[in-house]
Amino acid sequence: MVHAFDPSSRSKLTHRDLPRFEGPSLFHAVGRAICEAECLPRKELFEAWEVARRIRRRFRGGRVVDLACGHGLLAHLLLVLDDTSPTAVAADVRIPESAAKVTAAMIRAWPRLAGRVDLQALPMAAVDVRAGDLVVSVHACGALTDDVLQRALAVGTRVAVLPCCQDAKIGDQGSFGGWLDAPLAIDVERVTRLRLHGYTVRTEQIPEAITEKNRLLLAEPPPA
Ligand SMILES: C[S@@+](CC[C@H](N)C(=O)[O-])C[C@H]1O[C@@H](n2cnc3c(N)ncnc32)[C@H](O)[C@@H]1O
């Protein structure tokens with residue numbers, strides 16, 4: 001018997017979880033691939049999926065640049081959901097050893113991904129970000145999210161972030177600190193900053209049952 005299970009759990013998905021992903025949906029196909037990899041915390045699957053599908057509703061194509069990528073699942077999913085993105089770079093100062101298992105499992109399930117996701121063990125400052133890229137990041141802690149936004153702003157390209165760990169001491173709360181709690185003020189100020197650069201910004205949320213850090217910011221530069 002299959003019980004409902006908590007999508008915010010950090011326990012690793014393994015073969016034992018395969019019965020939970022027996023349906024015909026694309027998400028279940030991804031779930032099966034990730035169970036085969038036997039290394040990814042359950043929460044990361046749900047987060048990456050919910051972020052990826054929302055990004056792809058708004059932003060098609062472009063090279064994907066996943067900064068502070070962890071296992072890099074988001075980069076893989078963005079290519080699965082939109083094959084018009086030719087390649088992805090997924091960069092993190094510390095790529096987990098098990099990231100290779102995620103890549104292998106995703107390629108087994110979608111052979112067309114082979115050779116298209118480049119995992120780079122680099123600080124985001126060293127990643128080559130170009131106009132036309134789709135810059136994404138899930139839970140780049142605190143000011144790292146600002147660094148992600150800055151990398152995209154510097155070349156005027158699209159960006160999507162799911163921020164976390166906003167730091168009330170150093171985060172820019174703009175004029176909003178008197179009305180909004182600090183994490184929200186910091187995120188609202190991020191939207192303001194992007195809009196001042198002419199960006200169109202959408203705000204969405206992924207389900208709170210997966211993570212309380214669920215605010216998704218999607219920003220697109222003005223037409224050239
Ligand atoms: C909370 S984890 C999020 C990982 C992944 N995006 C996810 O959702 O599972 C934050 C990540 O940021 C990475 N990181 C920290 N500083 C970084 C930097 N300067 N450049 C790139 N990655 C960095 C860490 O190694 C860690 O993997």
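**Strand β5 and the cysteines**

I began with strand β5, residues 158-164, and found it mostly covered: seven of its seven residues are buried. Buried means under 20% relative accessible area, exposed over 50%, partly exposed in between, with a 1.4 Å probe and protein chains only. Strands are DSSP runs of E with at least two residues, helices runs of H or I with at least four, numbered from the N terminus.

This is a predicted model, where local features need pLDDT of at least 70 and side-chain atom pairs count only at pLDDT 80 or more, while totals for chains, interfaces and linings use all residues. Residues are numbered from 1 along each chain as its sequence is written, and side-chain values use heavy atoms, with hydrogens and water left out.

I checked the side chains next. R158, A160, L162 and C164 point one way from β5; V159, V161 and P163 point the other way, and all are buried.

Then the partners. β5 pairs with strand β4 (residues 134-141) in the parallel sense over six bridges; pairing takes at least two DSSP bridges between two strands. C141 stands opposite C164 in β5. On the antiparallel side, β5 and strand β7 (residues 215-220) share three bridges. V161 has L217 in β7 as its bridge partner.

Last, I looked for disulfides, meaning cysteine sulfur pairs within 2.5 Å. The structure holds zero. C35 is buried at 0% relative accessible area, and C39 is buried at 4%.
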